Amino acid sequence: MPLNRDVLWYKDATVYQAHVRTFHDSNGDGIGDFQGLEGKLDYLEKLGINAIWLMPFFPSPLRDDGYDIADYNAVHSSYGTLEDFRKFLGAAHDRGIRVIIELVLNHTSDQHPWFQESRSSQDNPRRDWYVWSDTDIRYKGARIIFLDTETSNWAWDPISKSFYWHRFFSHQPDLNYDNPAVREQMWNVMRFWLEMGVDAFRLDAVPYLVEREGTNCENLPETHDVLKELRRKLDEHFPGRMLLAEANQWPADLRPYFGDGDEFHMAFHFPLMPRMFMGLKLEDRKPITEILQQTPEIPPSCQWSLFLRNHDELTLEMVTDMERDYMYDMYAGTKTMRLNLGIRRRLAPLLDNDRRRIELMNGMLMSLPGTPIIYYGDEIGMGDNINLGDRNGVRTPMQWNGGWNGGFSAAAPERLFAPLIEDPVYGYPAVNVLRQKASEHSLLNWMQSIITVRKSTAVFGRGSIEFLYPVNHRILAYVRRLDNEVVLVVNNLSSSAQAVELDLRRYKGNILIEMFGRNIFPRVGDLPYLLTMGPYQFYWFRLRRI
Amino acid sequence: MAEESYLTDDFLRQLMNVGEVDILIGLPTHNNVKTVGSVVHTIQSGILRGFPRERAVIINADGGSRDGTPELVTGVSIDDMRASNLHALRTLHSISTKYASSPRPADAFRTILAAAELLRPKACVVMSPESANIEPEWLSKLLRPIFDDGFDLVTPTYRRHKFEGLLITNLLYPMTRALYGLRIREAYSPEFGFSGRLGSQFLGQNAWNDETEGAGVELRFTLAAIAGKYRICQSFLGDKDRVERHAVDLVPALRQTAGALFSALEPDFPVWSVVTGSQPAPTTGSDQEVLLETLRVNRKRLREMFLAGIAELESVFQSILSPSTLAELQRIAHLGEEEFRYPAELWVRTIYEFAASYQKSVISRDHIVQALAPLFRGRMFTFLTENRNASAVGVEKNIEDLCLEFERLKPHLLELWKSRE
């Protein structure tokens with residue numbers, strides 16, 4: 001299947017997030033690699049996704065799972081070679097799958113040669129590539145992000161005998177974007193991958209690029225200037241490629257990252273995700289409608305990126321204290337499930353492995369305005385291992401079958417980069433791709449089906465949204481519209497059966513066609529449209545005036 | 001058929017949309033537009049502060065307001081709370097139904113109980129729509145004992161002036177205590193909390209269309225809880241509203257208190273007839289606080305109304321009271337103002353004889369209750385006189401003495417009751 005040439009391709013995409021290391025090991029060394037990933041592209045194509053987002057695969061000491069990059073222009077030897085990547089990229093494109101890679105702009109590993117040079121002497125030409133200081137009292141307004149491990153944003157470098165600035169781990173020094181040479185170098189990095197054929201970048205931790213005294217050093221105008229410069233160059237040299245922002249901010253603070261359609265194409269909607277979980281547990285649409293009401297309009301060429309879970313903790317930074325306490329109590333009963341300001345668990349365990357809730361959450365993911373991202377393994381309901389440190393509990397090997405190492409690797413089990421999930425409920429003998437392929441009603445086949453239905457219309461990716469507010473607060477209902485195409489989505493957030501009356505008078509005369517079974521429901525008349533819904537049930541209706 | 005349809009279809013539809021809740025707040029109203037807005041605001045604030053995670057609904061049962069009260073109740077937005085830094089996790093519903101074109105407290109309460117029956121709350125509370133002193137904490141004080149400690153009824157206690165609530169201190173409290181054996185200070189109150197199971201039991205068993213027309217339904221609810229051996233406690237709320245009571249309000253007040261109490265005695269006879277003495281109810285906070293500031297009361301007018309009643313209602317009293325009690329009342333009526341005193345023992349005998357006559361229906365029951373009014377005024381005169389200079393402790397001692405008198409003379413009521421047979 002050839003690649004769709006539409007420059008707004010990302011609006012219609014269904015993205016799959018994967019880590020090369022965790023997906024499939026082709027050479028039996030216990031670590032996933034590009035050849036292994038390439039070998040599984042048929043699986044992804046059949047699933048129906050049309051973009052894959054890869055976590056960092058660059059040379060790295062791997063003290064932050066690859067987000068501590070030591071060389072931007074190469075592939076980590078554990079994952080293969082540049083040539084392996086090129087082959088994978090071509091094979092993905094052949095299947096109509098675009099490839100999004102990570103670019104960590106904000107910082108490098110302290111093992112990166114740039115930092116080694118920078119710290120080597122005060123007059124090194126690369127000294128000014130990082131943010132150095134004689135004291136650790138500058139930029140006091142900046143919060144510490146990794147509260148569980150860091151006590152300051154400054155770290156002492158015994159070699160150059162001064163402090164360097166880091167917003168994340170102390171082994172990740174921040175680059176100095178006030179230096180034109182740094183900006184030019186990072187563009188060169190982007191160009192390197194773009195010329196190879198990469199379709200998009202997920203730019204990591206973008207709010208923190210520039211520091212200014214007297215501010216919180218987040219979302220500064222100077223940071224936006226840097227990003228706009230990169231976007232301008234991208235559009236000029238590589239039209240049709242895409243930038244995705246990782247900025248864990250409130251919607252109003254995120255809005256500037258879209259600029260006038262001249263900064264990011266897409267940005268994650270971080271505050272929505274915890275509120276979907278909250279709404280489900282509260283059996284109340286309020287958290288969801290409230291945050292979407294607060295979400296500003298974005299330029300027509302831009303798009304929100306939606307997700308249920310990813311490689312990080314379920315972040316609770318963008319919620320109130322009361323909401324965070326509620327989320328912890330409801331979803332992270334034991335302290336070991338919590339990390340920083342979040343919950344380090346996968347989708348299925350978060351939802352008690354309840355198939356109805358898993359389907360409902362995916363239904364909302366696929367029908368709310370934005371481009372959905374599926375985290376690898378969630379399509380089969382993989383579990384997590386909270387006994388592994390940091391966020392590694394949600395980064396365990398993909399479970400392909402019930403055989404040796406779950407089909408992930410031919411290596412001896414003790415050589416695997418991380419242990420497989422082996423518990424009776426979520427372990428690879430019970431939860432794996434092969435088994436679910438064979439079962440018509442498996443979660444995997446259901447996911448494949450919902451992706452197919454979503455792709456049957458552009459309305460989900462590009463349409464407007466209008467919330468209906470039936471008096472029954474357990475029902476989240478909205479109308480998606482794109483030109484003459486109208487889709488009604490009704491979600492029952494409750495664990496019990498519900499009746500709901502929808503005011504559809506403006507669609508009087510339309511018949512409702514249920515999109516999964518294509519069954520016809522009664523025509524809309526003058527009276528409120530009555531629907532009865534089972535626990536956690538959802539409907540997608542195409543409205544047709546026939 | 002009427003029994004099956006006292007909830008309107010529209011109200012049922014609203015209840016259906018609300019669904020199961022954890023907390024139900026009943027708000028009976030009738031032309032309360034001046035006060036109800038702030039009451040609803042305070043209730044919402046109380047929910048957000050005390051029960052942010054619970055599913056809650058405010059049920060407004062309106063008795064035909066013409067001033068926009070229901071619209072105000074349903075229109076107060078929870079989003080208005082943002083000014084006070086309160087944020088709701090959930091949707092908080094306020095729904096309203098008009099149960100009649102004129103106010104009937106029993107029907108309002110029945111509507112609230114029916115809503116509770118359908119929505120299955122863990123805890124309910126009824127709040128007054130005209131309380132000027134309501135605080136957000138009242139919600140927690142009335143609901144927490146039900147939520148956390150498994151109580152079924154939470155009655156309030158208040159900080160009152162020593163001369164307020166005289167019907168309660170001179171009749172309702174001591175008589176309820178003596179008969180039912182539990183010291184509930186405010187058995188009749190516009191604010192109280194109750195469990196879903198108690199509400200359900202009362203809804204199913206109560207005779208809603210009896211001759212009292214539901215007067216004093218709140219009191220009957222309390223008595224039903226005691227008689228049913230439900231777990232009851234008291235919770236101190238704070239200042240009680242200062243509501244100006246006119247003399248004309250006394251008869252309706254007597255219907256709701258004495259009338260309701262008298263009418264409960266027959267069905268509850270197996271319960272109260274075997275009770276001796278009384279036990280304190282578990283209480284959170286103070287069980288009663290007394291304010292002592294100067295309060296002008298027209299005592300002279302009270303005595304005049306007592307004297308007029310004795311003179312005009314002699315034939316009525318002859319049907320109700322024993323000859324000795326009536327003679328004693330006539331004797332004190334001839335005393336001068338300085339000597340006039342309506343002693344506790346005579347007052348208790350009077351009340352017990354009224355209760356027994358009520359049961360025998362010697363004359364119209366409502367006339368019996370009305371006939372109590374002038375006598376109660378005479379007793380008020382005496383209470384005010386005796387406690388004019390009393391301290392808080394002194395007032396409490398006098399009330400306690402009266403309670404003990406009611407307990408001591410309970411056999412007199414039992415004798416009267418048996419003589420009926």
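Author: Start with Ile112(B): leaving out residues up to four places away in sequence, Ile112(B) touches Gly26(B), Ile59(B), Ala61(B) and Val126(B). Touching, or being in contact, means that the C-beta atoms of two residues, placed from the backbone, lie within 7 Å. This is a predicted model, where local features need pLDDT of at least 70 and side-chain atom pairs count only at pLDDT 80 or more, while totals for chains, interfaces and linings use all residues. Residues are numbered from 1 along each chain as its sequence is written, and chains are lettered from A and ligands numbered from 1 in the order in which they are written.

Ile112(B) is buried, because 25 other C-beta atoms lie within 10 Å. Buried means 20 or more other C-beta atoms within 10 Å of a residue's own; exposed means 12 or fewer, and partly exposed lies in between. The C-alpha atoms of Ile112(B) and Pro28(B) are 8.2 Å apart, although 84 residues separate the two along the chain.

Now the helix around this residue. Ile112(B) sits in helix H4 of chain B. Helices (H or I, at least four residues) and strands (E, at least two) are DSSP runs, numbered from the N terminus. The expected span is 1.5 Å times one less than the number of residues. Of the 15 residues in H4(B), 12 are buried, among them Ala108(B), Phe109(B), Leu113(B) and Leu119(B). After H4(B) comes Arg120(B), with a positive phi near 55°.

Next, helix H2 of chain B, residues 33-50. Its 18 residues should span 26 Å, and the end C-alpha atoms agree at 26 Å. Buried residues in H2(B) include Val36(B), Val39(B), Val40(B) and Ile43(B). The buried residues of H2(B) pack against strands E1 (23-29), E2 (56-62) and E3 (93-98) and helices H3 (69-75) and H5 (137-149) of chain B.

Further along chain B, helices pack in pairs. Two packed helices are described by the angle between their axes and the distance between the axes. Axes are lines fitted to C-alpha atoms, for helices over the stretch in contact, and angles run from 0 to 180 degrees between N-to-C directions. H14(B) and H15(B) pack at about 175°, with axes 10 Å apart. They are therefore roughly antiparallel. The cut-offs are under 35 degrees for roughly parallel, over 145 for roughly antiparallel, 65 to 115 for roughly perpendicular, and oblique for the rest. Trp347(B) and Phe354(B) of H14(B) take part in this contact, with Leu372(B) and Leu375(B) among the partners in H15(B). The contact has 6 nonpolar, 2 polar and 2 charged residues. Here Ala, Val, Leu, Ile, Met, Phe, Trp, Tyr, Cys and Pro count as nonpolar, Asp, Glu, Lys and Arg as charged, and the others, Gly among them, as polar.

Helix H9 (residues 250-265) of chain B also meets H15(B), at about 110° with axes 9 Å apart. That makes H9(B) roughly perpendicular to H15(B). Leu254(B) and Ala258(B) are among the H9(B) residues in this contact.

Finally, the two chains. In all, 10 residues of chain B contact 13 residues of chain A. The chain B side has 3 nonpolar, 5 polar and 2 charged residues.
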